[in-house]
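Dear colleague,

Please find below the structure that I promised to hand over.

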Amino acid sequence: MPELGAVAQKVRSKNAGPFWLTLDIFCGDAAAYARVINGLDTARVAALFNVPLQNLRRFDIADLHVVKISLPRPAVQGVAADRDMHGAGWAPLLAEMQID
Amino acid sequence: MVTRVLIPSGALGLGYDAEALARGVAMGPDLIAIDGGSTDSGPSYLGRGQSKYARASTKAEWKGLLVARAAANCPLVIGTAGTCGTDSTVDWLLDITRECLGELGQSAKIAVLRSEQRPAEIAAAYDAGRVAPLSAAPEIDAALISSCTHIVALAGAEQIAAALETGADIVIAGRATDTAPIAALPLMRGDHAGGAWHGAKIGECGALCATNPQSGVIMIAFDDRGFTVIPLADGAACTPHTVSAHMLYENADPFILHEPGGHLDVTGARYDAVDARVVRVEGSVWVPSDRYTVKLEGARVAGYQTILMATIRDRRYVEAVDQWCADILRRHSARVVERMGLTPDDFTVELRVIGKDATLGPIEARHVTPVEVGVMGIITATTQERANEIGKLLNPFLLHHPLTREEEQPTFAFPFSPAEIDRGAAYEFCLNHVLVLDDPMAAFALEVVDA
């Protein structure tokens, strides 16, 4: 079971406004994209992020070889409990997750 | 009709390539448009009504754009002046503009578009059912709205168009959508509406949609069927992949973009390479909405903060840092209650362990023993004086707290004296809502000044 980051070319995370986070998995080519869409279990991503599965919106974008995952921010950007103003830390967490 | 919009960079203050800008000016743009704002650095800028970027950077770059505008003989538009687009940051940029014009020996007609809202009026609109939540919006009521230090409404193409229709040389707009300053002119000239909004979204971050994203400068040429993306820096190229991938950026949904008065749907967009560096896009659709709404942003004071930092290099303490922190928090909280007469509801204290899980907290999945950790104490209280006092009560624990009663008193490293650092007011975003308007200009004010 490889880490997602070893299969995909790049994983990035960013705010999509103060209330949403978005993660983009750039797979690079069709083969990596096929491995990622088949091996990346959305329920396991939800468990990794400790959020309800129904909070995740997933887009498999074949034309770009990209999988995009968006979710409401567990802590709104900038509140006392928010540790990460720009949502930067979610990408390495996801990249280190093992996929099937 | 072809409408050429020259975009120097993703934001004023980030820098742009002067040679590439000159190349764009030589192509005869109909408009130079730049974004001045973002919520991405947090609620403090809106809460305080201040710019994130240094005045010196803003002035240097804005002056270059005033020179480019005069050379191109076309209007220059900035949306969301001064990061947050409040009246205070609009006035700040107007002041910088006057200074630059004076130094350049230029005169100009300036349209000033204000987006700031009075909290009491938004609270009344909420009570009248004219404020509606977007997805993941926080719970609000009229009292919370009234407690905001600043509220802005995001201007769309209609308000920017009204500013351009004054015949102004320069438009300084308060809060606006990232896309509106770019989309307004092609829409006014009857170019394809889906293409106008889609091209504006592709261009709003400057050359982020090209292979050399730091170069900044890009030209979007709009027409009655779509748009063409032309990067202007040496060595920068746009490909169908780099352009279409930009719809992913800072966007929860990569196919839909909501704007005042409708939404853009790019599901059917086609991206074709014109040559090795230029991309043509057609097929995006603008879907008008039944009612006209503008998005609101608001920030309010959530408390006042004091922070302290200690670094721990002793291996036994590094290995037991969670236990050490929990013990400190329990004892410190009891001491605050006892000595300051507060209740636990009056303050919060967090010890964030840098080097262990400071970025992700409880969801951190990797666990190793680091060489050292930083322990950052974050205190939030109802006044700055109180937060500082609570910090002073925390200080001795961070300096000397032992893991066990039996051992000799330890001492830990402090990087600063005094250890307590007052952060001032901590703000929070509290609106993710839209305001329903009968007339797009109803929430905005337009004024023309000669400078």
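Predicted model: local features only at pLDDT ≥ 70, side-chain atom pairs only at ≥ 80, totals over all residues.

Salt bridges

Over all chains, the structure contains 38 salt bridges. Five salt bridges are found across the interface of chain A and chain B. The side chain of A:E96 forms a salt bridge with that of B:R366, at 3.3 Å from N to O.

Within chain A, the side chains of A:R44 and A:D100 also meet in a salt bridge, at 3.5 Å from N to O. A:R44 belongs to helix α3 (residues 42–49) of chain A, while A:D100 lies in the segment after α4 (90–95) of chain A, so this pair ties together parts that are 56 residues apart in sequence.

Two helix pairs in chain B

The pair to consider now is helix α3 (residues 55–72) of chain B and helix α4 (residues 87–104) of chain B, whose axes are 10 Å apart and form an angle of about 55°. The two helices α3(B) and α4(B) are therefore oblique to each other, and α3(B) passes α4(B) in a right-handed crossing. Residues of α3(B) in this contact include B:W62, B:L66 and B:V67, and among those of α4(B) are B:W92, B:I96 and B:L104. By class, the contact of α3(B) with α4(B) comprises nine nonpolar, two polar and six charged residues.

In the other pair, helix α7 (residues 157–165) of chain B meets helix α8 (residues 180–188) of chain B; their axes come within 8 Å and cross at roughly 70°. Helices α7(B) and α8(B) are therefore roughly perpendicular to each other. The crossing of α7(B) past α8(B) is right-handed. The contact is made by B:A157, B:I160, B:A161, B:L164 and B:E165 of α7(B), together with B:A180, B:P181, B:A184, B:L185, B:L187 and B:M188 of α8(B). Ten of these residues are nonpolar, none is polar and one is charged.

Two backbone details

Most residues other than glycine have a negative phi, and most peptide bonds are trans. With that in mind, two places deserve a look.

In chain A, the residue A:N50 has a positive phi, near 55°, although A:N50 is not a glycine. A:N50 sits in the loop between α3 and β3 (57–61) of chain A.

In chain B, the peptide bond that leads from B:S417 to B:P418 is cis, and its omega is near -5°. B:P418 is located in the loop between α13 (384–400) and β19 (421–429) of chain B.

With kind regards

Note on methods. Residues numbered from 1 in each chain as written. Chains lettered and ligands numbered in written order. Heavy atoms only, no water. Axes fitted to C-alpha atoms, helices over the stretch in contact; angles between N-to-C directions. Helix = DSSP H or I, 4+ residues; strand = E, 2+ residues; numbered from the N terminus. Parallel < 35°, antiparallel > 145°, perpendicular 65-115°, else oblique. Left-handed = near helix turned anticlockwise from the far one by under 90°. Contact = heavy atoms within 4.5 Å. Nonpolar A, V, L, I, M, F, W, Y, C, P; charged D, E, K, R; others polar. Salt bridge = Lys/Arg side-chain N within 4 Å of Asp/Glu carboxyl O.
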